[in-house]
Amino acid sequence: MAKGLGALMALLGIATAVLVLFVVALAYLVHAFPGDAAEADPLEMVWAGLMHALDAGAVGGDAGWAYRAFMLVITVCGLVIVASLIGIISGAFDEKVMQLRKGHSLVLEEDHTLILGWSNKVCPIIIELATANESRPNASVVILANKDKVEMDDQVKRDCPRLGATRVICRTGDPRRVAELQLARPHLARSIIVLAPDGAADPDVEVIKTVLAIVSDADHLDQVPHIVAELSDPANLEAAQLAGQGRAHWVVSQDVIGRIIVQTCRQSGLSVVYQEFLDFAGDEIYLEPSGRLAGRTFLDAQLAYPKCAVMGLFSDGEPRLNPPPGTRVGEDDQIILLAADDSEVTLGRGPAPQPHAELVDEVPRACTSERVLILGVNRVLPMMLAQLDEYVGPESEVVVVTPEEPPASPGLTTLAVRWVAGDPTKRSMLEALGVGDFNHIILLADIDRYGADRADSRTLVTLLHLRNLAAGSELDLNIVSEMLDDRNRELAEVARADDLIVSDKLVALMLSQIAENEHLAEVFTTLFEPEGSEVYLKPARHYLDLSQPVDFYTVVDSASQRGETAIGYRVAADAHDASQAYGVRLNPEKSEVVAFARSDRIIVLAEN
């Protein structure tokens with residue numbers, strides 16, 4: 001019985017044969033032949049006995065009482081054997097179904113996107129991959145995590161309702177173990193995303209061990225696809241790079257979120273721009289071969305695409321965002337551009353327009369001191385302070401309000417940090433701080449102290465207090481709020497957050513983008529670091545004569561004269577309208593004529 005289904009069926013077969021042969025032999029010895037005949041063929045009697053063992057109804061056609069008695073014995077014993085056979089087969093079928101429900105079977109898919117580990121980033125990643133795969137037939141996403149398969153399936157169905165043709169296959173297993181990792185066939189995947197599992201004591205170690213398991217498979221070492229993995233602590237990056245052996249791109253979530261929050265707090269509307277860069281729903285970043293543009297200038301490339309916003313060049317494995325307008329495009333270069341879809345990446349017919357924008361006198365803004373109020377602390381704070389120190393002018397100050405012991409501050413050269421003990425959710429605390437005296441206000445979600453849901457609730461309460469204070473005194477507060485759960489976004493929008501950073505979702509979006517195109521890892525790194533060119537929203541009046549409408553070709557030319565790259569604009573009248581993307585218009589069609597108002601802004605890539 002311990003040998004499984006095959007052995008049990010063989011045992012029942014032998015028992016049936018012994019039963020039939022024994023009873024038929026007895027019947028033959030006492031001359032109990034069918035119909036009380038004087039003689040019968042032994043083989044025919046054996047066959048008839050076998051039919052009686054398998055079919056209880058066969059006894060009804062027998063003749064001769066002695067023969068009927070022997071066949072009745074075979075029939076009764078046959079009922080027991082057949083019932084046992086049915087029970088064994090049913091049990092084996094149920095066991096197989098249970099094994100399938102446990103998710104321990106081999107994945108049959110190829111060219112799939114493989115997600116290793118389970119966290120609250122899984123569903124946003126699946127939704128983004130489904131959007132990216134709308135034009136790909138038979139697209140599939142495979143998830144391997146140390147979690148019950150039924151629970152994973154249920155959550156995917158609940159939180160990812162519209163996936164189109166993309167199929168999601170979940171398997172239960174420990175991705176750190178090579179044998180269990182092979183269930184998902186990583187060597188046949190098109191890309192691999194490694195997530196830090198929820199609730200892990202040291203998530204970075206879990207991720208590093210998973211990447212080690214992938215690259216240590218000697219049988220498929222040359223077939224490992226590109227890997228994108230998540231880290232939370234920048235201090236673990238060096239060890240992670242050693243583990244990845246040059247095959248993995250690492251996204252340091254603290255670093256990404258900290259940079260985005262710092263840049264966004266100083267420019268309202270920037271969070272919408274970054275959201276557009278990172279998701280597949282609107283315009284996203286593509287890398288296109290230079291083709292006919294080889295030998296032309298970067299400005300020519302900007303003007304050659306009527307429905308794409310050119311951002312830079314990708315040369316020798318390195319991105320160059322906002323190169324000088326006279327830079328020549330090389331034959332091996334790729335053009336970095338924004339487009340609504342890859343089908344929109346087409347050059348215009350005929351020669352590109354040659355606008356001649358008149359340079360508008362701009363008064364350079366002096367680098368002044370800034371005051372920043374940070375309400376709450378988390379692991380991102382030290383890196384944020386270091387980033388702010390590189391942007392702000394002399395004599396700038398940061399006030400950090402926290403109910404607990406403050407973390408250690410990094411070495412700062414320009415920025416002064418003052419710690420205030422208090423609960424930022426208390427209105428009396430906010431009134432005592434004088435929030436109207438600060439240029440920027442940042443609300444941080446403290447997941448380590450309160451957990452994700454409670455941390456978001458505290459952020460919402462603080463945001464409501466700030467908005468009420470602003471309404472009562474007509475203050476214009478520039479507030480950046482960090483949320484952890486995207487489901488709380490609508491509540492924060494009701495509370496009128498100027499800029500909203502859903503940290504986990506932004507990291508999930510970046511992981512999805514890099515999984516689809518590994519070169520975007522370098523592009524995003526360059527885009528978010530303080531050195532080089534970054535995204536700025538600058539007053540339209542510094543670029544254009546606002547007395548008459550202009551097309552976006554003119555905007556591109558005007559920005560180019562300042563050594564900048566225009567990629568969109570923001571309409572101030574829609575700055576608080578979520579349905580209008582808070583006024584942000586990335587990658588507008590260049591022939592579109594726009595009448596800019598004095599408060600409108602041009603979105604550019606610039607060094608400062």
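Buried, as the word is used here, means under 20% relative accessible area, with exposed meaning over 50% and partly exposed lying in between (1.4 Å probe, protein chains only). The model is predicted, so local features need pLDDT of at least 70 and side-chain atom pairs count only at pLDDT 80 or more, whereas totals for chains, interfaces and linings use all residues. Residues are numbered from 1 along each chain as its sequence is written, and side-chain values use heavy atoms, with hydrogens and water left out.

By that definition, helix α4 (residues 122–132) is mostly covered, since eight of its 11 residues are buried; these are Val122, Cys123, Pro124, Ile125, Ile126, Glu128, Leu129 and Ala130. Helices (H or I, at least four residues) and strands (E, at least two) are DSSP runs, numbered from the N terminus.

Two strands pair if DSSP finds at least two bridges between them. An open sheet of six strands, paired in parallel, has the order β3-β2-β1-β4-β5-β6, and its edge strands, each pairing on one side only, are β3 (167–172) and β6 (248–252). Neighbouring strands of this sheet are turned by 20 degrees against each other on average, direction ignored, where axes are lines fitted to C-alpha atoms (for helices over the stretch in contact) and angles run from 0 to 180 degrees between N-to-C directions. Six bridges join β2 (residues 140–145) to β3, and alanine 145 has threonine 172 in β3 as its bridge partner. Helix α5 (residues 149–159) packs on the sheet and touches β2 and β3, its direction making about 155 degrees with that of β3; contact means heavy atoms within 4.5 Å.

**Antiparallel sheet**

Four strands form an open sheet with antiparallel pairing in the order β7-β10-β8-β9, and the edge strands are β7 (284–289) and β9 (318–321). The twist averages 30 degrees from one strand to the next. Phenylalanine 314 stands opposite glutamine 334 in β10. Helix α18 (residues 520–528) packs on this sheet, touching β7, β8, β9 and β10, and its direction makes about 40 degrees with that of β9.

**Strand β14 and a comparison of pairings**

In strand β14 (residues 440–443), His440 and Ile442 point one way and Ile441 and Leu443 the other, and all are buried. Histidine 440 is the bridge partner of valine 372, while isoleucine 441 stands opposite isoleucine 479 in β15.

| Strand pair | Sense | Bridges |
|---|---|---|
| β11 (residues 371–375) and β14 | parallel | four bridges |
| β14 and β15 (residues 479–483) | parallel | three bridges |
| β8 (residues 309–315) and β10 (residues 334–339) | antiparallel | five bridges |
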